[in-house]
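Subject: Structure handover

Hi,

Here is the structure for you to look over. My notes follow below it.

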Amino acid sequence: MYLAFENIRWRPEIEEIQEEIRLWAERHSVRYTTKYIKGVLRVGFDKDSDFTLFTMTWAPDLEESPNLECRIVNIQNERY
């Protein structure tokens with residue numbers, strides 16, 4: 001399972017999103033990994049419950065991507 005932030009093309013967008021995720025993870029003591037593949041930034045968490053926590057508490061103030069949306073992708077045989 002992973003979060004997918006789609007249609008991200010520019011380095012400032014990627015860096016800003018990654019920084020917001022890093023700050024959120026530090027605040028909530030959550031371990032995570034990220035991977036950028038073909039315009040999709042994937043974020044994975046160690047525990048499934050962290051996905052719920054993320055969707056309920058993450059409220060970034062993004063200048064580069066103010067209308068950013070993410071979705072949870074649940075694929076059994078795919079690694080994030």
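The protein chain has two helices and four strands. Helices (H or I, at least four residues) and strands (E, at least two) are DSSP runs, numbered from the N terminus. Along the sequence, the pattern reads β-α-β-β-α-β.

Before the details, two notes on the source. This is a predicted model, so local features need pLDDT of at least 70 and side-chain atom pairs count only at pLDDT 80 or more, while totals for chains, interfaces and linings use all residues. Residues are numbered from 1 along each chain as its sequence is written, and side-chain values use heavy atoms, with hydrogens and water left out.

**Whole chain**

The protein chain has 80 residues, and 34% of them count as buried. Buried means under 20% relative accessible area, exposed means over 50%, and partly exposed lies in between (1.4 Å probe, protein chains only). The protein chain exposes about 5,600 Å². Carbon and sulfur atoms supply 44% of that area. Areas come from the Shrake-Rupley method with a 1.4 Å probe; for residues, only the protein chains shown count as cover. Take the contacts between residues at least 6 apart in sequence: 69% of them join residues at least 24 apart. Contact means heavy atoms within 4.5 Å.

**Sheet and helices**

The four strands make an open sheet in the order β2-β3-β1-β4, with antiparallel pairing. Two strands count as paired if DSSP finds at least two bridges between them. β2 (32-37) and β4 (70-73) are at the edges. Each has a single partner strand, so one side of each is left without a neighbour in the sheet. From one strand to the next, the twist averages 25°. Axes here are lines fitted to C-alpha atoms, for helices over the stretch in contact; angles run from 0 to 180 degrees between N-to-C directions.

Strand β1 (residues 2-5) pairs with strand β3 (residues 40-45) in the antiparallel sense, over three bridges. L3 has V43 in β3 as its bridge partner.

Both helices pack on the sheet. Helix α1 (residues 11-28) touches β1, β2 and β3. Its direction makes about 170° with that of β2. Helix α2 touches β1, β3 and β4, and its direction makes about 125° with that of β3.

I14 is found in helix α1. I14 is buried, at a relative accessible area of 9%. Leaving aside neighbours within four places in sequence, I14 is in contact with I8 and Y36. I14 and G39 are 25 residues apart along the chain, and their C-alpha atoms are separated by 9.6 Å.

D50 sits in helix α2 (residues 49-57). Which side chain of opposite charge is nearest to D50? It is K47, 5.1 Å away. D50 is buried yet has no salt bridge. For charge, Lys and Arg count as positive and Asp and Glu as negative; His and the chain ends are not counted. A salt bridge is a side-chain nitrogen of Lys or Arg within 4 Å of a carboxyl oxygen of Asp or Glu. Beyond neighbours within four places in sequence, D50 is in contact with W24, V30 and F45.

**Salt bridges**

The structure holds five salt bridges. Details for some of them follow.

The side chains of E15 and R11 meet in one, at 3.8 Å from N to O. These two residues are four apart in helix α1, so about one helical turn separates them. E15 is partly exposed, with a relative accessible area of 42%. R11 is exposed, at 56%.

E19 forms a salt bridge with R22, where the closest N and O atoms are 2.5 Å apart. Both lie in helix α1, three residues apart, about one turn of the helix. E19 is partly exposed at 34% relative accessible area. R22 also counts as partly exposed, at 29%.

R31 pairs with D46 in a salt bridge, the closest N and O atoms being 3.2 Å apart. R31 lies in the loop between α1 and β2, and D46 in the loop between β3 and α2. The pair therefore ties together parts that are 15 residues apart in sequence. R31 is exposed, with a relative accessible area of 64%. D46 counts as partly exposed, at 46%. Salt bridges that share partners also join E19, R22 and E26 into one network.

Best wishes
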